[in-house]
Amino acid sequence: MVKASTLLAALALFSALLLSSCGSNNDTLQAIQDRGKLRLITRNSPTTYYLGRGGPRGFEYDLAMLLAKELEVELEVTQAFSLEEMFTALERGEADIAGAGLTLTETRASQFAATASYARQTPQVIYKVGRKKPRKPADLKGLSLSVLLDSSHEELLETLRSDGMDWLTWNSIDASDTAALLASVNEDRSDLAVVDSRDFFIQQNLVPRLEVAFDLGVEEEIVWYLPDSAKETPLLELINEFLERRQNDGSVADIRASYFDRDEDISRVDSQTFVGRVRRDLSNYQQLIEIVAQEQKMPWELLAAISYQESHWDPSATSRTGVRGMMMLTLATAEEMDVDDRTDPAESLRGGARYFKKLRQRLPDDILEPDRSWLALAAYNIGMGHLEDARVLTQRRGGDPHLWEDIMDSLPLLEEPQHYRTLRYGYARGLEAVRYVQNIRHYYNILRWQTARAARPEAPRDAEDLVPQSLRNLKLRAL
């Protein structure tokens, strides 16, 4: 017969273990707050996380930073070099959230806690212009196809193969960034690649010869993943409430716009020409551009974009109206900025950068970045007077005169008599100013993404590859 004291002790121990087990699921949020850090694991790419001149950037980073601020903790970011590494970190409890444009799948949802969806994307087959364009899955036969290892696209292809396309094969690349897939197609190492629509949309400017062949599947939900232990916990509930609220108040849309908005009027040919000129010509002036930009406290990529839009980096460029040099300065502006020789690259860049900075400083203090820079660019092209007219017209039409997005809609109206006759400075080529600013923004983004890609860390190398073959099986004895 078991003694009462022994039975009570056993019950007490069982109760303690039960409470401990339940508590481990419920105190995940408390653990984050006690730690003072929200740990995000993500991948390095223009769509998720990268280091810009001003520090960390990226859609996933900005969204996670909003959550960290609400929790009143710091955001700690770890970069994964493969999808497997990302999910392994979750399994080991080394990260609180995996956020990297990850598609919701049944397999992943069975192994991890998935949040509510905050965006959507479609798997797409990418091909190189000039090759025969496949239009449906059956057209993939006989073509080489690349996908990311452990991606949702592998699961999709497995489903197609089991549904009758038993001939379907593909090459799985062990990487975290779809740039590796796009490069394989662009460099003719692979005929096709499967890439998510969001990734391709933002990176297409870097590989303008690539296009979408067809959608491989339906639109899918993008979620964050948490460790399996976070299922049905206050932390998951809090994150889902956060994502829903931030979508309703427009925060998610604002972040999305800052990374995924693109001017559709800029053709693929323009992008291809710019990328080619970057490879061929920019190196001749990049060091000088960086020096001048540092002097004027502006991103060198922006100064490079302005000078390309103005002259295609040609120091001797001259227009029919008499503007000259790499920054295409008028004689009056050159005199105002103390530029003696407009065809001298250093003088032109310094004069143009100082003039841009002066225009930016003349704008009202309540116009914030990045709109402040876009408005200054418009003034560089069309003049401060006409820009002020556009701001007046924007306000008349119920828009916000502090936002480039609203002013951009008003500028073309400066060409219409019913509008410009009511304004102080009259007619102006407003549509040209819009295209001017949008082109520069486009080139600026391409240069920023290239800079971010060049600066990203390399994946750790396998030490086994560094050991000579003759030493790999050598057994050493201790001294």
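**Exercise 1.** How much space lies in the second largest cavity? Identify the lining of this cavity and sort the lining by class.

*Solution.* The model is a predicted one.
Step 1. The volume of the second largest cavity is about 40 Å³.
Step 2. The residues R43, T47, T48, E60, A100, G101, Q121, R198 and D199 form its lining.
Step 3. Strand β5 and helix α8 (197–203) each contribute at least two residues to this lining.
Step 4. Sorted by class, the lining of the second largest cavity comprises one nonpolar, four polar and four charged residues.
Step 5. R198, one of the lining residues, also has a ring contact: its charged end sits over the ring of F59, 4.8 Å from the ring centre.

**Exercise 2.** Describe the largest cavity and state which element gives the most to its lining.

*Solution.* Step 1. The structure holds two cavities of 30 Å³ or more, and the largest has a volume of about 140 Å³.
Step 1. At least two lining residues come from each of β5 (97–103) and α6 (152–162); β5 gives the most, with four.
Step 2. The lining of the largest cavity divides into four nonpolar, seven polar and four charged residues.

**Exercise 3.** Classify the ring pair F112 and Y225, and determine whether each residue is buried or exposed.

*Solution.* Step 1. The ring centres of F112 and Y225 are 6.4 Å apart, and the cut-off for a pair is 6.5 Å.
Step 1. The planes stand at 65°, so the pair is edge-to-face, a class that requires an angle over 60 degrees.
Step 2. F112 lies in the loop between α5 (106–111) and β6 (113–114), whereas Y225 lies in strand β13 (residues 220–226); the pair thus links parts of the chain 113 residues apart.
Step 3. Buried means under 20% relative accessible area. F112 counts as buried because its relative accessibility is 3%, and Y225 counts as buried because its value is 0%.

**Exercise 4.** Classify the ring pair F274 and Y308 and name the cluster that contains these residues.

*Solution.* Step 1. F274 and Y308 form an edge-to-face pair, at 4.8 Å centre to centre with 75° between the planes.
Step 1. The pair joins helix α11 (residues 268–280), which holds F274, to helix α13, which holds Y308, 34 residues apart.
Step 2. Both F274 and Y308 are buried.
Step 3. Ring pairs link F274, Y308, W313 and Y443 into a cluster.

Terms used. Residues are numbered from 1 along each chain as its sequence is written. This is a predicted model: local features need pLDDT of at least 70, side-chain atom pairs count only at pLDDT 80 or more; totals for chains, interfaces and linings use all residues. Side-chain values use heavy atoms; hydrogens and water are left out. On a 1 Å grid over the protein atoms alone, a cavity is a set of points where a 1.4 Å probe fits but cannot get out, and a pocket is an open set with protein on both sides within 12 Å along at least five of seven lines; lining residues have an atom within 4 Å of a point. Grid points are joined across faces, edges and corners, and a volume is the space filled by probe spheres set on the points. Ala, Val, Leu, Ile, Met, Phe, Trp, Tyr, Cys and Pro count as nonpolar, Asp, Glu, Lys and Arg as charged, and the others, Gly among them, as polar. Rings of Phe, Tyr and Trp (its six-membered ring) pair if their centres lie within 6.5 Å; planes under 30 degrees apart count as stacked, over 60 as edge-to-face and the rest as tilted. Buried means under 20% relative accessible area, exposed over 50%, partly exposed in between (1.4 Å probe, protein chains only). A charge sits over a ring if NZ of Lys or CZ of Arg is within 6 Å of the ring centre and within 35 degrees of the ring normal.
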